Amino acid sequence: MKKALLFFGDIILLYFSLLLMLLIRFPGNFGERLIIAHLYPFSVVFFVWIIILYIWDLYNIRTKQLFVNYIRAIFMNIIIAMVMFYIASPTKIAPKTNLLLTAGIFSPLFIIWRILFIRILKVNINCLKVGIIGTTNNTNRLLNYIAKDQLKRYEISYIVPYININKSDWSIKEVYLSESTSVYDNLDEINNKGKTKDIAILIVGDAVYRENSSSLYKYIQNGKTVYHIASFFEENYGFIPVYSAGESWLLQNIKEDKKVEFEHVKRIEDVILCLIGFPFFIVLFPIIAFGIKLSGKGPVFFKQIRVGKNGKYFTIYKFRTMVSDAEKNGAQWASINDSRITKVGRFLRISRLDEIPQIINIIKGDMGFVGPRPERPEFIKNLEDKIPHYSMRHLVKPGLTGWAQINAPYASSEEDSAKKLEYDLYYIKNRNLLLDIKIILKTVITVLQRKGR
């Protein structure tokens, strides 16, 4: 509802800006005919503008927006609108001044509207009190996420350690706790002080969830909402914490039978995107190949064995970005400022152009456009031994882009791989056509912000 309100507010401002522009530019001719003449071409532009705002993550109301993102989105919108009107427009209207004036009216109104929206939302939002039972590896992380939520939707009322974890041993340093947050030794202490009535939401660790179902059931009877900690992260922050989601939680939540029809739709989606992307591959190939050859000896294409769906090995194709003998000492992670990457290769990685040949893998069916990043077999065994549920990534085809690729940093260590797996698990559980479209659109902004490595 909040996102819908933000969306419709933007729509109203866009058409208000158009009407105000027409009134300023054509005060004597302002009327129905003038409005109708401008309505269609500007509606097409406004539709694209909304998509651009979405790509820049400006409909994410849970995280603080950078002012520079507003400016970037507005600037991109103006450039795209000019291209649409002067190159691809089927109409006879060439409103250079009209377009700039509309953008000039909309831009400050848009920024003011966004600032007021967040401030009003903060004042009127219903802050819910939360209790946490069972400290886990992700409890401190959860507290920090709640504290940094710009809408301040939750307030931690109390925390209860669980099993063999003493309050004195449980470190809460560098964690944002308010003075009203209490730490209790056990559940009985909470019940005796009547603290159960103070909360709306109870978040519990995996062990508590499995072993205390009868006690938790009483919370539901008293009108409280009980979350497994993994479910709370999933619903609020878009990932599933691997060290807090036990096997029992995955058994209850991973429903592959519900995804059979989507897999057929996804294949059609991949074919359509390949048809759209293949001409770009043909056009860019000679330019990129020339640059790679200039950067040093070695082939244009880079081929490597990766692990795909159900653990099946396949050969992945990419444009070569490293020196030809990059792994003379064996397989190793790519790192920041990796000396093995050529100058041309660095540009290809930042722009993600090195990934274009994977269209071949998608056509062959080894990959999809969206999915977890395909990993090397040399790393898989070690990662499966050290990271819980890592083999779950192989339930789906790997992808050219994915939920993890747009939300987590490039994986150059086991820790990074664990963080990316958390987003991969979210995608595996929740994958659908709309999520795929969202990922593809967000990939554009990832490329524009030069976050590749």
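This report describes the helices, aromatic pairs and helix packing of one predicted model.

**Overall make-up**

The chain holds 17 helices and nine strands. It has 453 residues, of which 47% count as buried. Among contacts in the chain with a separation of 6 or more, 74% are between residues 24 or more positions apart.

Helix α16 covers residues 414-430, which makes 17 residues. From its first C-alpha to its last it reaches 24 Å, close to the 24 Å expected at 1.5 Å a residue. Of these 17 residues, 13 are buried, so α16 is largely enclosed by the rest of the structure.

Helix α5 runs over residues 139-148, and its buried residues are Thr139, Leu142, Leu143, Asn144 and Ile146. The elements that cover these buried residues include the strands β1 (128-133), β2 (154-160) and β4 (201-204), together with α9 (229-237).

**Aromatic pairs**

Across the whole structure, a search finds 26 aromatic pairs. One of them joins Phe46 and Trp49, whose ring planes stand at 50° with the centres 5.7 Å apart, so this pair is tilted. Both residues belong to helix α2 (residues 32-55), where they are three residues apart, about one turn of the helix. An α-helix has 3.6 residues a turn, so residues three or four places apart point the same way. Phe46 counts as buried because its relative accessibility is 2%, and Trp49 counts as buried, also at 2% relative accessibility.

Phe232 and Tyr237 form another aromatic pair, which is edge-to-face. The values for the two pairs are set out below.

| Pair | Centre to centre | Angle between planes | Class |
|---|---|---|---|
| Phe46 and Trp49 | 5.7 Å | 50° | tilted |
| Phe232 and Tyr237 | 6.3 Å | 65° | edge-to-face |

Phe232 is buried, with a relative accessible area of 0%. Tyr237 has a relative accessible area of 16%; the limit for buried is under 20%, so Tyr237 is buried. Phe232 and Tyr237 also belong to one aromatic cluster, together with Tyr145, Tyr154, Tyr227, Phe233, Phe239 and Tyr423.

**Charges over rings**

Arg114 lies over the face of Tyr59, at 4.9 Å from the ring centre. Over the ring of Tyr54 sits the charged end of Lys442, 5.2 Å from the centre of that ring.

**Packing of α2 against α17**

Two packed helices are described by the angle between their axes and the distance between the axes. For α2 and helix α17 (residues 433-448), the angle is about 80° and the axes are 8 Å apart. The two helices, α2 and α17, are therefore roughly perpendicular to each other. On the α2 side the contact is made by Ile51, Tyr54 and Ile55. On the α17 side it is made by Lys438, Leu441, Lys442, Val444 and Ile445.

**The setting of Tyr54**

Tyr54 is found in helix α2 and takes part in the contact with α17. Its relative accessible area is 25%, so Tyr54 is partly exposed. Leaving aside neighbours within four places in sequence, Tyr54 is in contact with Tyr59, Lys438, Leu441 and Lys442. Between Tyr54 and Phe7 the separation is 47 residues in sequence and 9.6 Å in space, C-alpha to C-alpha.

Conventions. Residues numbered from 1 in each chain as written. Predicted model: local features only at pLDDT ≥ 70, side-chain atom pairs only at ≥ 80, totals over all residues. Heavy atoms only, no water. Helix = DSSP H or I, 4+ residues; strand = E, 2+ residues; numbered from the N terminus. Expected span 1.5 Å × (residues − 1). Buried < 20%, exposed > 50% of the residue type's maximum accessible area, 1.4 Å probe, protein only. Contact = heavy atoms within 4.5 Å. Phe/Tyr/Trp six-rings, centres within 6.5 Å; stacked < 30°, edge-to-face > 60°. Lys NZ or Arg CZ within 6 Å of the ring centre and 35° of its normal. Axes fitted to C-alpha atoms, helices over the stretch in contact; angles between N-to-C directions. Parallel < 35°, antiparallel > 145°, perpendicular 65-115°, else oblique.
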